[in-house]
Amino acid sequence: MDLIESIIKRKTTNTAFADRKVKKEDIELLIKTASHSPSHFNSQPWRFIIVQDKEKINEIGKIAGDSMVQLMDDGRFWKQYRKYFRFSKEEINKTKDGIHIDHLPSFLKPFAKKIFSESGGKVISLFKVSRILGNDEEKLVNTSPMLFCIALNKDEYKPNELSGFYSVISLGAVIQTLWLVTTSIGMGMQFISTPGEIPEKWNQLSSILKIPNTYELMAVFRMGYIDDKKKRPAIDWKSSQRKSIYELSFSNEFGINWK
Ligand SMILES: Cc1cc2nc3c(=O)[nH]c(=O)nc-3n(C[C@H](O)[C@H](O)[C@H](O)COP(=O)(O)O)c2cc1C
């Protein structure tokens, strides 16, 4: 696939992957291309952990599902992220950002706005929404043929120093490379970031992956080959809208419209 086409086609994969192993040569292509990402002084502060062991994947799936349930049940998720939720095409076409919750079980549709609100706690527990989301998350992780995890060297990743900032920029470059290369070879990937919101859950992931004290686990993705026949999760979203280049850019000074 042409590079520009991969960039435009790149999407988060919310559905299950094809039920087959990822070829070793594809995994090595991902690592090889990721290793060509830029980093400050070519420090290459990243290390990659590729998880294919079924038991480990299931352990991580359980943590991801439980994290989702906990975040929903304690109300933190909606408080923090409500501003990104859109409920209709009109709404997302207007803001051109955020995620459109366009797929819900029919019994939940009349309550959509209520559920995804700060005061949605009662509806969430009545319809066991957190369980639906948690089960979906766990299943998506458990059925993934592989997880791709990235850790940063703490000699470079010092959150309050410039090298910490540079390391995070370098990490972003690695992630985009992985995303583009997966797209170009018929694979997909999805962040598993909910455990990152609960320090004890993230620590559990780090210890399952045996991350040493000298490294910080930064990102975990599920990956596999795309299978268009897989059904969408019970509660799902799309986010293909983007702001126009005119809304995003200025000429010479901030605030002077790009023409
Ligand atoms: C730092 C970061 C964390 C993210 N966490 C999640 C996540 O936990 N689950 C998920 O499905 N998508 C996650 N995403 C994906 C975004 O929701 C997605 O990139 C955005 O909505 C645009 O959609 P697209 O990737 O399909 O273009 C994350 C993306 C970034 C950059």
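In this predicted model, a polar backbone atom of phenylalanine 191 lies 3.4 Å from a nitrogen atom of the ligand. Taken alone, the ligand exposes 620 Å², and the protein buries 63% of that.

Lysine 11 has a side-chain N or O atom 2.7 Å from an oxygen atom of the ligand. For threonine 12, a polar side-chain atom is likewise 2.7 Å from an oxygen atom of the ligand.

These residues belong to the set around the ligand, which consists of Arg10, Lys11, Thr12, Ile99, Gln190, Phe191, Ser193, Trp237, Ser239 and Arg242.

Another place to look is helix α1, which spans residues 3–9 and contains isoleucine 8. The relative accessibility of isoleucine 8 is 67%, so this residue counts as exposed, the cut-off for that class being over 50%. Isoleucine 8 also takes part in a nonpolar surface patch of about 420 Å², together with Leu3, Ile4 and Ile7.

Lysine 259 counts as exposed because its relative accessibility is 80%. Between lysine 259 and threonine 194 there is a separation of 65 residues in sequence. In space, the C-alpha atoms of lysine 259 and threonine 194 are 40 Å apart.

Terms used. Residues are numbered from 1 along each chain as its sequence is written. This is a predicted model: local features need pLDDT of at least 70, side-chain atom pairs count only at pLDDT 80 or more; totals for chains, interfaces and linings use all residues. Side-chain values use heavy atoms; hydrogens and water are left out. Patches are made of residues with over 30% relative accessible area and no salt bridge: like charges are joined within 9 Å, nonpolar side chains (Val, Leu, Ile, Met, Phe, Trp, Tyr) within 5 Å. Accessible areas come from the Shrake-Rupley method with a 1.4 Å probe; for residues, only the protein chains shown count as cover. A salt bridge is a side-chain nitrogen of Lys or Arg within 4 Å of a carboxyl oxygen of Asp or Glu. Helices (H or I, at least four residues) and strands (E, at least two) are DSSP runs, numbered from the N terminus. Buried means under 20% relative accessible area, exposed over 50%, partly exposed in between (1.4 Å probe, protein chains only). A residue is near a molecule or strand if one of its heavy atoms lies within 4 Å of it. A polar contact is a pair of N or O atoms within 3.5 Å; within protein, one must be able to donate a hydrogen and the other to accept it, and residues adjacent in sequence count only if both atoms are side-chain atoms.
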